[in-house]
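Please find below some notes on this structure, as numbered points.

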Amino acid sequence: MSNAFEIKNLNIYYNGLHAVKNVSIDIPHTLITAIIGASGCGKSSFLRAMNRMNDLIPNSRRTGEILFHGVDIHQPMMSEVTLRRRIGMVFQKPNPFPFSIFDNVAYGLRIQGMRDKATLDQRVEESLRRAALWPEVKDRLKQSAFALSGGQQQRLCIARTLAVDPEVLLLDEPCASLDPTGTARIEELLQKLEKEITIIIVTHNMQQAKRLSDTVGFFHLGELVEFGRTEEMFEHPRIQLTRDYIMGHFG
Amino acid sequence: MTSATPGSSHVKEQMVGWAFKLCGLLSLFVTVGIAVVLFAEAAHFFGEVSVVEFLFGTEWTPLFTEKHFGILPLVLGTLLVSAIAMIVAIPLGILIAVYLSEYASARVRRSLKPILEILASIPTIVFGYFALLSVTPFLQKIIPGLSGFNALSPGIVMGIMILPFVVSLTDDAMTAVPHSLRMAAYGLGSTRLQVAFRVVLPSASSGVIAACVLAVSRAVGETMLVAIAAGMRPTFTLNPLVPVQTITAYIVQVSLGDTPAGTLEYRSIFAVASVLFVLTFILNMLAQKLRASFKFTYA
Amino acid sequence: MARTVHRKSAESVFFLSALLALSVALLMLAVLVVEVFVDGFSQLDWQFLTHFPSRNPEDAGILSAWVGSVYLITLTVAFAVPLGVAAAIYFEEYARKNWFNTLMEMNIGTLAGVPSIIYGLLGLGLFVRTLNMGRSLLAGALTMALLVLPIIIITAREAIRAIPSSVQDAAFALGATRSQVIRTIILPLSFPGILTGIILALSRAIGETAPLIAIGALTYIAFLPDGLSSPFTALPIQIFNWVSRPQAGFHSNAAAAIIVLLTITLLLNAFAILLRNYFYRRIHAHLS
């Protein structure tokens with residue numbers, strides 16, 4: 001099986017704070033990888049390194065290599081703009097644009113220069129269907145995205161990301177602000193999407209990691225403590241720290 | 001995969017960034033432009049008039065045949081009017097601000113703040129009309145010796161004019177003081193008045209002083225009000241009842257006449273304006289420093 | 001017991017003096033408005049708005065003044081808005097925190113406090129003389145544009161800062177370039193806030209007198225401007241001219257012109273405040 005990402009000795013610093021420490025990891029293609037750990041353990045910083053969102057943070061610094069399908073994402077010929085179109089991201093809190101539902105999903109396509117109404121209509125519908133939101137919104141595409149519930153907004157954000165046809169979906173605690181029903185629908189959706197694209201999800205909900213993921217990485221204080229197949233790690237963690245965390249001793 | 005050409009779009013982005021930076025730099029060019037224009041003409045002026053006479057002379061008669069270029073009468077006139085304005089604006093302003101921030105209900109605040117903002121936007125020419133044609137005649141009934149042009153009337157009106165500004169800034173400073181500080185004082189048995197004047201006002205002092213400094217800077221630079229109501233006679237006096245001339249009013253006086261460029265009169269307005277610019281620049285910088293240290297304490 | 005009484009009276013002394021301060025200020029402003037209306041209202045009619053100034057106060061009107069003001073503030077805004085908004089975008093979206101940018105930020109705060117007559121002398125030295133524009137509408141508008149630039153920059157920066165970074169992040173994560181984020185997110189979302197700044201700048205520009213006098217705008221003009229290089233007058237200049245005359249008839253004209261100027265200024269400001277409240281309420285309701 002091929003790897004989507006090969007990460008070698010990754011370090012991330014913010015204003016001198018060493019957020020991610022010497023992490024090396026291979027993330028498999030078209031599977032769900034979960035990143036778990038207590039808050040502040042560097043898992044979000046790690047995630048934001050993969051589509052170079054960290055570049056936007058002033059005074060952040062990085063060393064080490066991130067290979068995406070064998071290509072270094074920091075090499076000069078690789079533009080972060082193109083990279084982010086291939087590696088989509090969904091954030092902790094639903095952050096729809098204050099536009100209509102349609103315009104939210106069409107945003108990524110329009111900034112790539114797509115103007116044709118029929119193609120846009122078709123791509124928007126397709127993305128909303130993939131995000132399992134189409135039946136709920138098909139009659140009110142012109143309404144503001146804020147008219148949707150929190151869970152629907154988050155699925156809209158996923159649809160918006162899927163519209164540009166990314167190869168990878170990065171999700172940063174996407175269910176943190178949702179109720180159980182909303183969470184269940186997102187999980188269902190991710191399991192369906194798994195067949196098509198690589199998914200990396202940061203979560204502090206261990207049950208969610210166990211239910212969803214194929215492989216899982218455990219971060220502690222910026223270091224990758226353990227990485228492996230989900231069943232193995234939850235059944236027989238090799239390291240004491242992982243066992244303590246999984247058993248709920250801290251975090 | 002969409003193959004955007006990273007090269008060309010990157011260059012475009014950089015150019016856009018440079019364009020924005022240029023606009024940002026423009027504000028710096030304005031300051032530099034002011035300094036260059038003022039100081040260049042002033043330098044010519046000081047080629048003909050000695051700096052010592054200019055700074056320490058007590059006679060200002062540039063439009064007479066026998067010319068004297070001592071700026072002190074103008075400076076004194078400016079300070080006199082400003083001082084009267086401050087005597088009105090600062091006590092009233094602080095009283096109203098304390099009331100607004102510590103006593104007034106949210107509803108009163110919500111309606112008074114916008115009113116203050118609107119009052120602050122009244123053009124100064126309107127206040128000039130008011131000072132000359134309403135306040136001076138009224139004051140003349142009370143003070144028999146009051147001249148038709150004087151420092152008192154525009155001073156008082158200027159105080160009222162910058163009052164909203166003082167209230168607004170002082171109120172901002174006081175409301176920025178954390179609530180916990182008030183609670184602590186109440187917990188020690190202080191009354192509302194004690195909390196307001198012994199805890200909140202002192203804690204907000206650098207912000208309040210900044211407000212006063214900015215008010216002084218406004219008063220010193222105010223033009224139309226004094227040009228209309230204070231008179232055009234440079235007098236070396238602290239008597240508020242007789243006509244005086246401020247720095248700004250002198251600039252107006254020369255500008256209204258047809259003074260050709262290159263003459264000493266023309267250059268003299270740049271010389272006095274340099275003094276005004278340096279003075280207000282220092283005051284504004286000081287106020288900004290004070291506000292920055294205030295924000296640093298409570299942010 | 002005695003202390004309580006003492007405290008109570010201290011409270012009421014303060015309360016009364018604060019109330020007195022407030023009423024003195026509001027009363028004086030009320031007197032101002034009433035006096036202006038009493039003096040000027042009878043003078044204010046259609047003829048006043050459609051006639052040129054005249055030697056005879058009865059016949060004099062403000063046609064050239066208000067037309068000049070409209071041209072002037074329109075041009076001022078046309079020059080100042082693009083530059084000011086672009087500068088605000090630079091400070092909020094591009095500038096990194098270093099000593100130079102801190103200096104530039106302080107400089108803008110300081111510029112906002114430079115007396116308006118100093119801007120007038122800058123305009124006189126730079127536009128009228130060095131760039132040879134003469135005492136033209138163009139020179140006046142450029143001078144005024146520099147004067148209102150800090151207002152536009154400061155309000156636009158506040159409006160841009162109010163947009164939550166999460167919304168920008170979403171756009172970046174979809175592969176938007178920085179200029180696309182500015183065009184599709186920052187500008188549309190901060191527009192009402194920026195508009196507030198534009199209106200405040202308008203209301204400042206329409207009432208400013210001193211810089212126009214410094215650049216030598218004429219006080220008596222009996223024709224309408226016919227181009228950028230045309231001489232011009234403006235409403236506050238006309239008022240100044242009439243206030244400075246000894247005859248009471250001209251004072252009534254000044255009062256009537258003040259009613260026009262005050263009405264415009266107050267309407268502009270009230271509108272700006274309403275718009276700003278709407279904008280920040282909407283941002284808070286939806287985006288934070």
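1. From the N terminus on, chain C reads α-α-α-α-α-α-α-α-α-α-α, that is, 11 helices and zero strands. Helices (H or I, at least four residues) and strands (E, at least two) are DSSP runs, numbered from the N terminus.

2. This is a predicted model, in which local features need pLDDT of at least 70 and side-chain atom pairs pLDDT 80 or more, while totals for chains, interfaces and linings use all residues. Residues are numbered from 1 along each chain as its sequence is written, and chains are lettered from A and ligands numbered from 1 in the order in which they are written.

3. Of the 288 residues in chain C, 52% are buried (20 or more other C-beta atoms within 10 Å of the residue's own, C-beta atoms being placed from the backbone). The C-alpha trace of chain C spans about 75 × 70 × 35 Å along its principal axes.

4. Helix 6 of chain C (residues 137–161) bends by about 40 degrees at C:Val148, with C:Pro150 following within four residues. The bend is the angle between axes fitted to the seven residues ending at a residue and the seven starting there. Of the 25 residues in this helix, 22 are buried.

5. In chain B, helix 6 (residues 152–175) has a kink of about 40 degrees at B:Ile162, shortly before B:Pro164. This helix is largely enclosed by the rest of the structure, because 21 of its 24 residues are buried.

6. Between the two chains, 65 residues of chain B are in contact with 69 of chain C (C-beta atoms, placed from the backbone, within 7 Å). Helix 1 of chain B (residues 6–48) gives the most to chain B's side, with 18 residues.

Methods:
Buried ≥ 20, exposed ≤ 12 C-beta atoms within 10 Å, placed from the backbone.
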